[in-house]
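I have a new structure open and want to get my bearings. These are my notes on what I looked up, in the order I went.

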Amino acid sequence: MKSYLYFILFSFFMTFFSCTGLQEKDKKQTPNIIIIYADDLGYGDLSCYGGSGVETPNIDSLAAGGVRFTDAHATAATCTPSRYSLLTGNYPFRSKAKVLPGDAPLLITPGTFTMADMLKEAGYATAVIGKWHLGLGSGQVDWNDEVKPGPLELGFDYSFLIPSTNDRVPCVYLENHEVVGLTDEDSLFISFTDDPSTGNPFSLPTGLTHPEELRMPADTQHSGSIINGVSRIGFMKGGRSAEWKDEEFADIFVEKADSFMENNADNPFFMYFSFSDIHVPRLPHPRFQGKSKMGPRGDAIVQMDWVVGKIIEKVRALNLENNTLIIFSSDNGPVLDDGYADRAEELLGDHKPAGKFRGGKYSIFEAGHRMPTISYWPSVINPGINDALWSQVDIMASLAILTQTKIPEGEAVDSKNMLPVILGEEEEGREYLFAQGFTYSIRMGDWKYIMPQNQNISWIKDKKNIEGGIYPYPQLYNLASDPEEKINLAEKYPEVKLKMEKQLQLIME
């Protein structure tokens, strides 16, 4: 009888502890999540990816302690489309996303279920700090009033932004709905059509009217209003009290990131830290000038690496490292001469911003969208190199699985769960991968197909010295034997071409 009672008690306790363990194992995970998103950083621009003209010890330490990916991609070869996909889980063409002017309305319609919405539902505090470039407002923005809708209408609790890009007006910070430092006596107006050279001065002195005031020469497109000694795209009037100084970006953004993490250290938080580095104009803080072999572009990479180091330092100081997932990547490939004469091409030396790949920013070739990408979570991720094929559009669905948050039907339709890949547990990535760069491409295994396009995009080569890859005939490459995309196999393997053509059409339809 006693033996029988012991057996019953033993079975009860084993069942209890087994169920308790199962509950702990299945318990919803809410690590802090930080996405660090560089701008115009190429696959070969980091020393951990083979960069030779600059050292990036802080990012290298993330790679050494996390997973360094060799085949991770942005959805596009330009910034606005990639950022749209990252935050919505949708391919850019679904919203006709393209590089936006500085006065564009908000691209993501309020009510769209974003990554910030999703994580907010999971109990996260949410913030975006840095470059936005997804449009603001619903029409012509009055910068002297509340500027909305914007990030706060897309699930973010806090935002501190460069509204567009650092080469476009308005050259002011936007905190939540308000321009920082603006006074009633100095109202701010911007325009992208009123050219002061026509005799109707709208703006501050421009690069065309006052070239003697410039710190660096610029092309015609970037010869609008002069702010901080640099001419920009567009024209600006007033707002002098609110003007930014480019050299202060790094310190100010770090300060805002630190404050957000400190204020939310006791609760899960999501921070989308969106760099302006290494986008033009490249004006790093004086303490980083001369720290690379490549002039301002290399120095901007050094500054970017310092910022990453400061974010990691704060996470560690708050004792949050073991409960924080960090994902580092870039929005599109590299460009050297993008409107300003900062000697980026002249000082390049042996450094290869795109690594072994062809193309760069604006290009449908691999260098346009294959990104340096690292995931880091020391208590969970085993360090290593991962060759899985995946896309930034997949981060949203992956984080939904991690936090056990449901994505509503019809939202994030292109995002696939790649959480085992991101955590370094698997190398089985996507069956196919979509990318856009003035045309469309699809990857299936080692094969890559590029859709023919008849439009003239010669400016990519003529003005940026980058091979765009846009031709009026189909292209098919095998990246295993031809990573530089030099040998077009479309005629040799028509059945492969047709299969990939059909898959691309299915996506587009």
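**Entry 1: a lysine and its neighbours**

I started with Lys-314: leaving out residues up to four places away in sequence, Lys-314 touches Asp-258, Met-261 and Glu-262. I'm keeping in mind that this is a predicted model.

Where does Lys-314 lie? I found Lys-314 in helix H6, which covers residues 295-317.

Next I checked the side chain of Lys-314, and it makes a polar contact with the side chain of Glu-262 at 2.6 Å.

Is Lys-314 buried or exposed? Its relative accessibility is 16%, so I put Lys-314 down as buried, the cut-off being under 20%.

**Entry 2: the cysteines**

How many disulfides does the structure hold? I got 0.

I looked at Cys-79 to see why. The closest cysteine sulfur to that of Cys-79 is in Cys-171, 15 Å away, which is too far for a bond; a disulfide needs the two sulfur atoms within 2.5 Å.

Cys-79 counts as buried because its relative accessibility is 2%. I also noted Cys-48, which counts as buried at 18%.

**Entry 3: helix H8**

Then I moved to helix H8, residues 395-403. H8 is mostly covered, with 8 of its 9 residues buried. Among the buried ones I wrote down Ile-395, Met-396, Leu-399 and Leu-402, and Ser-398 and Thr-403 are on that list too.

What covers the buried residues of H8? The cover includes strands S1 (32-38), S13 (324-330) and S16 (390-391). Helices H3 (79-88), H4 (115-121) and H9 (419-422) are part of the cover as well.

Just past the end of H8, I noticed that Gln-404 takes a positive phi of about 50°.

**Entry 4: stepping back**

Last, I looked at the whole protein. I counted 11 helices and 20 strands.

Along the principal axes, the C-alpha trace spans about 105 × 65 × 45 Å.

Of the 509 residues, 59% are buried. I also looked at contacts with a separation of 6 or more, and 73% of them are between residues 24 or more positions apart.

For the surface, I noted that the protein exposes about 21,000 Å², with carbon and sulfur atoms supplying 50% of it.

Definitions and conventions. Residues are numbered from 1 along each chain as its sequence is written. This is a predicted model: local features need pLDDT of at least 70, side-chain atom pairs count only at pLDDT 80 or more; totals for chains, interfaces and linings use all residues. Side-chain values use heavy atoms; hydrogens and water are left out. Buried means under 20% relative accessible area, exposed over 50%, partly exposed in between (1.4 Å probe, protein chains only). Helices (H or I, at least four residues) and strands (E, at least two) are DSSP runs, numbered from the N terminus. Contact means heavy atoms within 4.5 Å. A polar contact is a pair of N or O atoms within 3.5 Å; within protein, one must be able to donate a hydrogen and the other to accept it, and residues adjacent in sequence count only if both atoms are side-chain atoms. Accessible areas come from the Shrake-Rupley method with a 1.4 Å probe; for residues, only the protein chains shown count as cover.
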